[in-house]
Amino acid sequence: MLRFKIRKRQEPLVWSSCLILFGALVLSIALSAVMLALQGKPPLDAMVLLFKGAFGSRWAVQDCLIKAVPIFLCSLGVAIAFRLQIWNIGAEGQYALGAIGATWVALQLPDQPWFVVLPTMLAMSFIAGGFWGFIPAILKLRMRANEIIVTLMFNYLAILFLDFLVYGPWKDPISFGFPMTREFSASAIVGKIGNTELNWGILLCILSGIAIGVFFRYTRIGYELKASGENIRAARYAGLPYDRLVILAMVLSGALAGWAGFLEASATINRLQPSIIVGYGYTAIVVAWLARLNPLYIGIASFLLAGFRVGLENLQLDLQVPAAFGGIMEGLILLTVLMGSFFIDHRIELRKKL
Amino acid sequence: MSIEFFLPLLAAAVQSGTPVLYATLGEIFTEKSGVLNLGVEGIMMIGALAAFVTTMLSGSPILGFLVGGCAGAVLSGIHGLVCLVFQGNQVVSGLALTIFGVGLADYLGTPYIGQAAPGFNPLPVPILSKIPFLGSVFFNHDSLVYISYIIPMLMWLFFRYTRWGLGLRAVGEYPPAAIAGGLRVISYRWVGILVGGCLVGFGGAYLSLAYTHLWTNGLSAGRGWIAVALVIFAFWDPMRAMVGAYLFGGVMAFQLRLQAAGTHVPSSLLLMLPYALTVMVLVFSSWKGQGTEAPAALGVNIEPPD
């Protein structure tokens with residue numbers, strides 16, 4: 001009879017971590033296909049449809065890139081907080097508040113030129129999203145309130161506040177009762193690049209990605225942040241300003257999600273309406289963990305998960321698969337990746353029992 | 001405000017607090033063993049769906065309730081698999097479980113949206129329900145509410161006076177000592193996760209079988225997360241959990257009544273009340289507490305010995 005024993009590896013496996021990630025993805029996709037089969041949908045056809053819909057044509061890839069923008073920014077933010085072992089689950093609410101901040105500017109300055117309006121929107125969404133990250137940070141530091149629950153409750157509060165605005169004070173009088181603000185003026189809309197459907201938000205992603213990468217690798221504060229995340233107690237003994245780092249991480253984290261909200265309202269929907277909330281903030285957590293908090297990998301992973309969202313739209317249309325299927329896929333990906341990571345620093349030895 | 005307004009409100013507070021109470025008790029049980037399970041929201045949804053579908057197919061709400069609990073235990077078993085076997089991060093695993101569970105319940109429940117199932121109906125306790133005031137507030141409900149009065153006391157006795165309860169607490173406080181004392185720590189944690197998940201599943205089952213009697217997407221609406229917050233409010237004490245749950249039930253019932261009465265306050269602002277109260281209660285109790293009430297090893301995995 002075979003017996004097995006688990007041992008910790010002396011050196012963590014590096015080469016196989018890609019393989020493990022790939023294996024986890026394949027396993028979660030296979031499990032998702034089983035879920036489809038349970039509902040009587042053809043699993044293989046559905047998966048082909050999913051991938052074709054996501055990456056099969058120039059238009060599809062373009063759509064993936066558009067959806068990857070908000071996911072990337074939220075995820076980049078989430079990753080900063082996670083680096084410090086601060087569990088910011090509030091990207092969804094910070095995204096909503098960023099959209100609200102940007103919309104407020106767009107509604108206040110309808111007649112100004114774009115070079116006044118857009119930078120103001122950028123700044124306002126940064127402040128609004130950052131503010132929504134700042135409060136949980138303060139509550140954590142001053143009152144020891146658990147940031148996971150506070151940021152999560154702040155998601156519900158922000159989304160309800162957005163509902164309140166678009167159903168009430170900000171409702172477009174000529175919207176025939178639909179909950180939405182009036183369309184932004186042309187100067188409040190982030191433009192498209194050339195004759196593609198892509199908007200300049202991608203540039204913002206690239207710049208923030210590089211900035212965060214440089215911040216962690218080459219700046220003193222970035223280093224302190226990483227060090228504190230690895231061992232809080234040691235960081236405090238070493239005299240690192242832990243409280244200030246927490247505030248910085250949470251504000252930056254919220255501000256980046258706020259930018260995602262700004263781009264989605266301005267470039268994609270051109271107004272504020274409840275349908276702007278589609279769970280990017282939660283997808284961002286999956287992406288951040290999948291990418292092991294690395295800005296470059298976050299880019300790749302947000303493209304991949306955006307692809308699943310685009311492909312899922314095809315499944316919805318052609319096979320009437322409910323949108324909730326996306327949650328199943330994302331949850332399974334995260335669970336299998338968590339399990340797979342075990343093999344990076346553990347190995348299993350098989351032995352014959354005597 | 002008159003007694004005619006208050007008595008039904010307090011009774012409604014107990015009823016709408018009950019699903020949160022089951023979920024809070026479940027999470028307390030799991031956290032006492034040192035495992036943080038943030039999948040409560042997803043487990044509640046799966047429990048609610050399993051209970052609803054079983055009841056619809058079999059016609060038996062009791063069977064439905066039990067199946068709801070089992071489904072909760074099975075789903076939380078995934079958390080056990082990730083954290084106890086594969087040493088995964090407990091925070092992230094719980095979040096993944098919520099994303100997965102909410103998605104799965106919405107996905108599998110789509111055909112049942114808007115359908116009704118037989119559920120539990122009020123069953124006044126013979127003598128107790130005649131007590132003025134208290135009778136109509138506490139003893140004029142369905143049988144599941146009465147069960148939820150007994151569970152906190154059982155849990156209290158279990159943690160305080162039984163071998164297994166003490167063992168479970170030891171594993172949550174200081175695993176090395178528990179190992180040295182010869183306890184099978186991983187097994188204890190499995191029990192913590194599965195029994196806790198079962199109670200959370202009961203909370204979900206209560207939602208679909210006794211609270212709404214019908215199925216809608218997003219049925220739990222954040223109650224799972226409120227339960228996680230209430231664990232902190234309750235300082236991991238099952239009896240205090242009752243106070244917290246009924247406080248929330250009260251706010252939810254109050255907010256629903258205001259909406260039904262047709263106030264001028266927009267419903268989106270009224271709906272904020274339970275979430276805002278969660279933040280306030282959490283902040284207040286964390287500030288008042290010593291910061292040492294949580295099981296010391298909460299969220300820390302036990303490494304397999306070499």
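How many helices and strands does the secondary structure of chain A come to? I looked this up and found 13 helices and two strands in chain A. I note at the outset that this is a predicted model.

**Confidence**

I read the overall scores as ipTM 0.90 and pTM 0.91. For chain B, the average pLDDT is 89, and 98% of the residues score at least 70. I then went through chain A element by element. The lowest mean pLDDT among its elements, 66, belongs to strand β1(A), residues 2–8. The highest, 95, belongs to helix α4(A), residues 91–108.

**Overall dimensions**

I took the box of each chain along the principal axes. The C-alpha atoms of chain A fill roughly 85 × 60 × 35 Å. Those of chain B fill roughly 65 × 45 × 40 Å. I then checked the radius of gyration. Chain A has 354 residues, so a compact globule would come out near 20 Å; I get 22 Å for chain A, which agrees. Chain B has 306 residues, for which a compact globule would have a radius of gyration near 19 Å, and I get 19 Å, which agrees.

**Secondary structure of chain B**

I find 12 helices and zero strands in chain B. Read along the sequence, I get the pattern α-α-α-α-α-α-α-α-α-α-α-α.

**Helix α5 of chain A**

I checked the length of α5(A), which runs over residues 114–143. Its 30 residues, at 1.5 Å a residue, should span 44 Å; I find the end C-alpha atoms 42 Å apart, so the two agree. After α5(A) comes Arg144(A), and I note that its phi is positive, near 60°.

**Helices α8 and α10 of chain A**

I looked at how α8(A), residues 220–230, packs on α10(A), residues 242–269. The angle is about 105° and the axes are 10 Å apart. That makes α8(A) roughly perpendicular to α10(A), because angles from 65 to 115 degrees count as such. Which residues of α8(A) meet α10(A)? I list Glu224(A), Leu225(A) and Ser228(A) on the α8(A) side. On the α10(A) side I list Tyr242(A), Leu245(A) and Ala249(A). By class, I record four nonpolar, one polar and one charged residues in this contact. A general point goes with these lists: an α-helix has 3.6 residues a turn, so residues three or four places apart point the same way.

**Contact between the chains**

I find that the contact takes 42 residues from chain B and 40 residues from chain A. On the side of chain B that touches chain A, the elements giving two or more residues are α3(B) (61–85), α4(B) (90–109), α10(B) (223–233) and α12(B) (267–288). Which element gives the most to this side? I find that α4(B) does, with 13 residues. I divide the residues of this side of chain B into 29 nonpolar, 11 polar and two charged.

Note on methods
Residues are numbered from 1 along each chain as its sequence is written. Chains are lettered from A and ligands numbered from 1 in the order in which they are written. This is a predicted model: local features need pLDDT of at least 70, side-chain atom pairs count only at pLDDT 80 or more; totals for chains, interfaces and linings use all residues. pLDDT is the predictor's confidence in each residue, from 0 to 100. Axes are lines fitted to C-alpha atoms, for helices over the stretch in contact, and angles run from 0 to 180 degrees between N-to-C directions. Helices (H or I, at least four residues) and strands (E, at least two) are DSSP runs, numbered from the N terminus. Angles under 35 degrees count as roughly parallel, over 145 as roughly antiparallel, 65 to 115 as roughly perpendicular and the rest as oblique. Two residues are in contact if their C-beta atoms, placed from the backbone, lie within 7 Å. Ala, Val, Leu, Ile, Met, Phe, Trp, Tyr, Cys and Pro count as nonpolar, Asp, Glu, Lys and Arg as charged, and the others, Gly among them, as polar. The expected span of a helix is 1.5 Å times one less than its number of residues. The radius of gyration is taken over C-alpha atoms; the globule rule is 2.2 Å times the number of residues to the power 0.38.
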